[in-house]
Amino acid sequence: MHVDDRVLWSIGEVAGKTGLSVKLIRHWSDLGLVPPARRTAAGYRVYDAESVARLELARTLRDLGLGLPAIREVLDREHTLAEVAAVHVDVLETRIRLLRAQQAVLRSAARRETTAEGLAFMNRTARLSAAERRKTIHEFVTGTLAGLDVPTYRSGLLAATPELPDDPTDAQVDAWIELGELVADPELRAAMRRMAQYAAEHAPGEHDDATLQEARRVTDYWTGRVDEAVRDGIAPDSPAAEPVVAAVVEKWLPTQARTVDGVRTDGAPARSLLLEQLGIVSVPCVERYWQLLCLINGQPARPSLETAGNWLKTALRANPEPGRRAADLDALYDSGAEAWEPVGLIAACERVLQAVGDLVSAVDPSRLDGPTPCADWDVRALLDHLVWENLMWAGLADGRPRSDAAADHLGGDHVAAFRTAAQRTLTAFRRPGMLDRRYGPAPGRRLVEQLVIEMLVHGWDLAEAIGHPRDLVPDIATVAMPVVREIYAGLPRTEGGSFAPPRPAPHDATALDRLAAHLGRAVA
């Protein structure tokens with residue numbers, strides 16, 4: 001239809017041109033958003049090119065999520081398109097943040113299998129504004145430290161508030177949800193208050209930056225020394241841990257605000273105080289608090305101190321004062337008659353290595369990633385440890401200590417690796433006079449005993465992991481039990497130590513089951 005040089009279209013034709021329904025065009029026309037150009041004599045609506053342009057713009061704005069009031073403002077030129085778009089961008093960003101928060105809540109709920117109450121708490125936490133987040137942490141800190149003279153500690157906690165960015169990642173939102181749960185946990189409040197109370201008693205008042213920097217340097221020093229000891233395969237309850245303890249204590253003592261029993265020297269009081277401090281500050285939930293803050297704020301988190309702290313605490317318990325462990329070992333090494341007769345110690349070692357070697361040969365390569373009774377080790381890691389133990393004790397016996405505990409000792413053939421290492425061990429142990437030769441304070445027979453015990457208990461681990469019978473060399477396991485009790489009776493059975501606390505064994509347990517239970521294994 002042509003009127004006044006204009007092309008006019010019926011509502012049906014416009015619907016075909018724009019892809020909009022006749023019903024929607026009529027609705028928008030009735031609202032005055034897109035009025036028709038005119039009506040025909042019969043009362044039908046017709047639309048011109050300007051009407052079609054308004055319809056297409058209205059459709060675009062609707063598809064972008066704008067409501068009818070905003071669309072009307074643009075069409076009627078009350079606001080420019082740029083102005084409305086800018087406002088709508090802000091609205092969309094708010095919606096996106098809420099949707100991401102909802103997404104993080106649902107993901108967390110799926111991972112944690114949370115309750116309805118937990119889901120509601122997580123949802124409320126995720127929706128808090130920046131001001132509400134700061135208020136949450138401020139109330140937590142002030143309530144936890146109420147009445148304590150720790151201004152530096154308090155200001156540090158208050159300064160470290162969570163600042164979610166405008167466009168947070170899923171991980172940052174999830175971290176804030178976890179932090180919200182953590183600050184509501186009485187365990188965190190109690191742990192932080194214990195730390196503050198200790199500081200108030202031993203070092204009250206303000207502390208300058210130099211003092212704080214020195215404390216960080218000492219922390220970096222002792223964690224570095226411990227990490228190096230772990231890489232070298234030094235157990236915290238072994239004699240080799242004593243030099244590490246002595247070096248750490250020497251570095252730590254000058255940082256103390258007060259002397260230890262009036263002197264600043266290494267001794268039982270100093271080591272007891274350091275152990276006490278480590279117990280106060282190395283709490284997993286407190287460490288997690290700081291890790292979450294760093295993640296939320298997009299900052300690198302300090303490495304966890306838990307593993308190094310457990311190592312050092314165990315080493316301090318095993319070496320409570322300088323020279324004490326060495327004196328105890330001197331007495332232990334030189335006491336008692338030969339425990340391995342009539343079997344013979346070297347013969348016992350040969351038989352144990354043969355039995356463990358048979359287990360190693362039975363391991364299917366496809367099961368190397370399977371679990372073991374050692375929580376941190378899969379089958380491959382356990383096999384690697386069996387090989388390493390042989391290489392380490394053979395190196396000591398040859399006078400060439402090894403320091404490659406963290407290396408891969410298996411390669412592509414775990415059976416060949418174990419056989420080669422076991423043969424190297426036997427060669428070193430069979431040398432004439434080796435059993436009576438002194439290795440530091442220890443006679444050689446004690447090195448052989450230690451390897452036999454390690455092979456017995458980790459052989460039990462391997463048998464359990466691959467589903468083989470656990471009654472290896474029962475006569476040797478029976479003979480070894482008194483030696484195990486003698487060696488480990490006075491050592492701390494803590495998380496960082498070589499073995500866990502003893503567990504009960506069933507009445508029908510085999511000799512090796514009983515030895516494994518004594519060294520912390522759960523025997524069913």
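Gln172 belongs to helix α9, which covers residues 170-183. In this predicted model, Gln172 is buried, because its relative accessible area is 9% and the cut-off for buried is under 20%. The points below cover the surroundings of this residue, the nonpolar cores and a sheet.

**Surroundings of Gln172**
- A polar atom of the Gln172 side chain lies 3.5 Å from the backbone oxygen of Leu295.
- Beyond its neighbours within four places in sequence, Gln172 is in contact with Leu164, Pro165, Leu295, Ile296 and Gly298.

**Nonpolar cores**
- The largest nonpolar core has 69 residues, of which Leu383, Phe418, Phe429, Leu462 and Leu515 touch the most other members.
- At least two residues of this core come from each of α17 (345-361), α18 (379-397), α19 (414-429), α20 (444-466), α21 (474-488) and α22 (511-518).
- Helix α20 gives the largest share of this core, 13 residues.
- Leu462 touches Leu359, Val360, Val363, Val379, Leu382, Leu383 and Leu386, with residues up to four places away in sequence not counted.
- Another core, of 49 residues, lies apart from the largest one; Ala191, Val218, Ile296 and Trp311 are among its members.

**Sheet**
- An open sheet is formed by three strands in the order β3-β5-β4, with antiparallel pairing.
- The edges are held by β3 (9-10) and β4 (38-39); each has a single partner strand, so one side of each has no neighbour in the sheet.
- Strand β5 (residues 45-47) runs antiparallel to β3, and two bridges join them.
- Val46 in β5 is the bridge partner of Ser10.

Definitions and conventions. Residues numbered from 1 in each chain as written. Predicted model: local features only at pLDDT ≥ 70, side-chain atom pairs only at ≥ 80, totals over all residues. Heavy atoms only, no water. Pairing = 2+ DSSP bridges. Helix = DSSP H or I, 4+ residues; strand = E, 2+ residues; numbered from the N terminus. Buried < 20%, exposed > 50% of the residue type's maximum accessible area, 1.4 Å probe, protein only. Polar contact = N/O pair within 3.5 Å; in protein donor to acceptor, adjacent residues only side chain to side chain. Contact = heavy atoms within 4.5 Å. Core = buried A, V, L, I, M, F, W, Y, C linked by side-chain atoms within 4.5 Å.
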